[in-house]
Amino acid sequence: MAALWAVGRDTAEVLPRLRDLLDGDRVSWLSKAADVLAQIGPPAAAALPRLRELLDHGEWVGVHCASALWQIGGETEAPAALAALLRAWQHNPSTGTHVVACPDLMGQAAEPALPMLRMQLALPRRIGTWKASPRTRSSSVPVAPSSHAVPKPST
């Protein structure tokens, strides 16, 4: 779907197929469909109800759907998107790299996330896109959102 959207930019062709993918249960398809909907932006508004439903479909799907909510619905969707992002990050630190990217785009609408962002930035090591386990290793990921997303504390 991403390639079809990137090449054709035809919402009439792509949106029905993306909505079909959102009715499935495969995490990778749900996440990728949400990502393409995010790229489409406001013309994909018909998908907002289903994206809201999917916020609780596990951390990874929730993160991708929250990002799509923001990209499609803007300020109106900010509270739901931010709550889902922070919930996912709290339950699964491996989502952190993806979670931080959305508040960075949200700017001031992400202000409620500042305490968690600051806490994560204070850690000497943050888990990247995977959890440390016997078969994988932890990665130090410099998670530093842009300055507009993390205002300096007032003194």
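A helix here is a DSSP run, H or I, of at least four residues, numbered from the N terminus. S31 lies in one of these, helix α3. The model is predicted.

**Helix α3**
- Helix α3 covers residues 27-40, which makes 14 residues.
- From first C-alpha to last, α3 reaches 20 Å, close to the 20 Å expected at 1.5 Å a residue.
- An α-helix has 3.6 residues a turn, so residues three or four places apart point the same way.
- The buried residues of α3 are L30, S31, A33, A34, V36, L37, A38 and I40.
- Their cover includes α1 (2-8), α2 (11-22), α4 (48-53) and α5 (59-73).
- Just after α3 comes G41, with a positive phi of about 80°.

**Residue S31**
- Why does S31 count as buried? Its relative accessible area is 7%, and buried means under 20%.
- S31 touches W60, V61 and H64, leaving aside residues up to four places away in sequence.

**The largest pocket**
- The volume of the largest pocket is about 170 Å³.
- Which helices each supply at least two residues of its lining? They are α3, α5 and α7 (96-106).
- The lining residues are D35, A38, Q39, V63, H64, S67, Q71, H98, A101, C102 and L105.
- By class, 5 lining residues are nonpolar, 5 are polar and 1 is charged.

Technical notes: Residues numbered from 1 in each chain as written. Predicted model: local features only at pLDDT ≥ 70, side-chain atom pairs only at ≥ 80, totals over all residues. Heavy atoms only, no water. Expected span 1.5 Å × (residues − 1). Buried < 20%, exposed > 50% of the residue type's maximum accessible area, 1.4 Å probe, protein only. Contact = heavy atoms within 4.5 Å. 1 Å grid on protein atoms, 1.4 Å probe; cavity = no way out; pocket = protein on both sides within 12 Å on 5 of 7 lines; lining within 4 Å. Points joined across faces, edges and corners; volume = space filled by probe spheres on them. Nonpolar A, V, L, I, M, F, W, Y, C, P; charged D, E, K, R; others polar.
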